[in-house]
Amino acid sequence: MFHCFIPATTSKQEGTKTNTALPTHLGSIQVSEYNALIKRYSLNTFDRADPFGVVVGSTKVFWPYFSRYIRSFDEGSVPKDPVDSFYQKVVSDVLNLSEISGVSNEVRYDWNTPRSGLFVHVQTAGHLAGFAFYDQEVGWSCHPTFGLWFVYRAVIIFDADWMGPSPTLPEPVFDEQTKQEMKKWTEVANSERWQVRSTRLKLRDACPIGKDQYRYHGDCLSFFFPIEESSAEVIARVRLSQADPLYVVSCECEPSAGPASEEFSSTTLEQRAIRTAQQHSPP
Ligand code: B12
């Protein structure tokens with residue numbers, strides 16, 4: 001099982017070594033377990049009894065990569081939903097790698113609606129992947145390290161069999177005081193129809209887990225919680241600004257593969273995806 005920071009490709013651009021990695025956090029999901037629980041929004045099985053899938057999550061670590069992506073557009077041509085477009089590119093780039101491009105797959109994004117037929121309840125998927133505990137009472141998934149400062153981006157189902165034991169389910173993480181605080185701010189947010197961003201921030205801040213290291217900040221915070229500037233204004237400013245330094249984040253599950261500098265070391269999303277597909281595909 002893996003759910004760690006995954007840097008992707010490293011390439012040389014304009015003579016300098018630039019990490020074009022697209023950071024994301026992954027968990028493997030046993031699709032049959034999800035389908036047994038969520039019949040209404042069941043996932044494609046490719047006619048397999050027990051197919052293999054991947055849950056894709058993201059933290060603020062994605063921001064410098066995302067801001068580089070934004071800078072690659074001319075004025076006026078930045079996609080309308082830039083985060084969604086960014087993750088579509090990340091996922092599609094990885095799935096097009098020659099080593100796994102032969103494995104059929106279906107991608108369901110967090111933003112796919114029930115009407116599209118591609119809805120996936122990402123919090124249940126993440127829970128069953130052992131990634132983050134989904135507390136149905138408060139409606140939030142909490143990761144033991146990132147706390148509430150992460151979101152899901154996609155679930156990818158592969159035409160490949162699940163192999164090995166089921167993922168270990170995550171442990172509950174909220175204490176009673178946190179839960180009460182979250183419920184309180186949820187009620188306030190509901191009464192405000194989720195329009196007041198400072199309330200939404202208070203709700204997220206109610207949980208202390210991961211706040212020191214993973215709470216959004218700077219442009220990332222302003223983009224997702226646009227209180228003084230609109231998200232579009234943040235994007236316009238970011239497009240013209242200097243590149244942010246890339247985050248240096250240690251890898252939870254493979255300490256030895258953690259990056260030591262701006263240049264991320266060995267474990268790449270490609271390598272991981274290839275290894276995963278090889279491990280899970282029938283021989
Ligand atoms: C609709 C939606 C909203 C709506 C309604 C929220 C709601 N919970 O009803 C609105 C617009 C209000 C909203 C607001 C926000 N949202 Co929203 N939203 C969604 C969305 C698209 C679907 C949620 C949904 O309808 N769930 C269905 C209901 C019925 O879920 P449920 O009651 O738990 O029922 C399921 C479980 O019971 C499950 N089940 C049954 N048995 C069992 C057993 C077990 C063990 C388990 C695990 C599950 C399980 O089956 C049911 C579904 O069939 C998800 C993305 C997604 N694709 O899932 C994001 C999502 C929940 N939102 C998210 C976020 C971040 C937000 C906001 C903070 C956004 C913002 N910028 O302010 C706010 C705050 C939300 C909050 N809870 O405080 C994140 C939460 C991340 C996290 N760490 O948990 C999600 C997951 C999106 C993402 N990309 O990660 N959201």
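Analyst: **Helix packing**

Helix α5 crosses α6 with a left-handed sense. Keep in mind that this is a predicted model.

Start with the geometry. Two packed helices are described by the angle between their axes and the distance between those axes. For α5 (residues 176-191) and α6, the axes come within 8 Å and cross at roughly 165°. Angles over 145 degrees count as roughly antiparallel, so α5 is roughly antiparallel to α6.

Now the residues. On the α5 side, the contact is made by Met-182, Trp-185, Thr-186, Val-188 and Ala-189. They meet Thr-199, Arg-200, Lys-202 and Leu-203 of α6. By class, five residues of this contact are nonpolar, two are polar and two are charged.

What lies nearest to the ligand? Of the 24 residues around the ligand, Asp-110, His-127, Ser-141, Val-151 and Tyr-152 come nearest. α4 gives the most, with four residues. The shell holds 13 nonpolar, eight polar and three charged residues.

Another helix pair is set at another angle. Helix α2 (residues 63-71) packs on helix α9 (residues 231-240) at about 80°, with the axes 8 Å apart. An angle of 65 to 115 degrees counts as roughly perpendicular, and α2 and α9 are therefore roughly perpendicular to each other.

Which residues meet there? From α2 come Ser-67, Ile-70 and Arg-71. From α9 come Ile-235, Val-238 and Arg-239. This contact has three nonpolar residues, one polar and two charged. In an α-helix there are 3.6 residues a turn, so residues three or four places apart point the same way.

Finally, how is α2 placed in the structure? Seven of its nine residues are buried, so α2 is largely enclosed by the rest of the structure. The buried ones are Trp-63, Pro-64, Tyr-65, Phe-66, Ser-67, Tyr-69 and Ile-70. They pack against α3 (82-95), α8 (218-224) and α9. Ser-67 and Ile-70 are on the buried list, and both also take part in the contact with α9.

Terms used
Residues are numbered from 1 along each chain as its sequence is written. This is a predicted model: local features need pLDDT of at least 70, side-chain atom pairs count only at pLDDT 80 or more; totals for chains, interfaces and linings use all residues. A residue is near a molecule or strand if its C-beta atom, placed from the backbone, lies within 6 Å of it. Helices (H or I, at least four residues) and strands (E, at least two) are DSSP runs, numbered from the N terminus. Ala, Val, Leu, Ile, Met, Phe, Trp, Tyr, Cys and Pro count as nonpolar, Asp, Glu, Lys and Arg as charged, and the others, Gly among them, as polar. Axes are lines fitted to C-alpha atoms, for helices over the stretch in contact, and angles run from 0 to 180 degrees between N-to-C directions. Angles under 35 degrees count as roughly parallel, over 145 as roughly antiparallel, 65 to 115 as roughly perpendicular and the rest as oblique. A crossing is left-handed if the near helix is turned anticlockwise from the far one by less than a right angle, and right-handed if clockwise. Two residues are in contact if their C-beta atoms, placed from the backbone, lie within 7 Å. A residue is buried if 20 or more other C-beta atoms lie within 10 Å of its own, exposed if 12 or fewer, and partly exposed in between; C-beta atoms are placed from the backbone.
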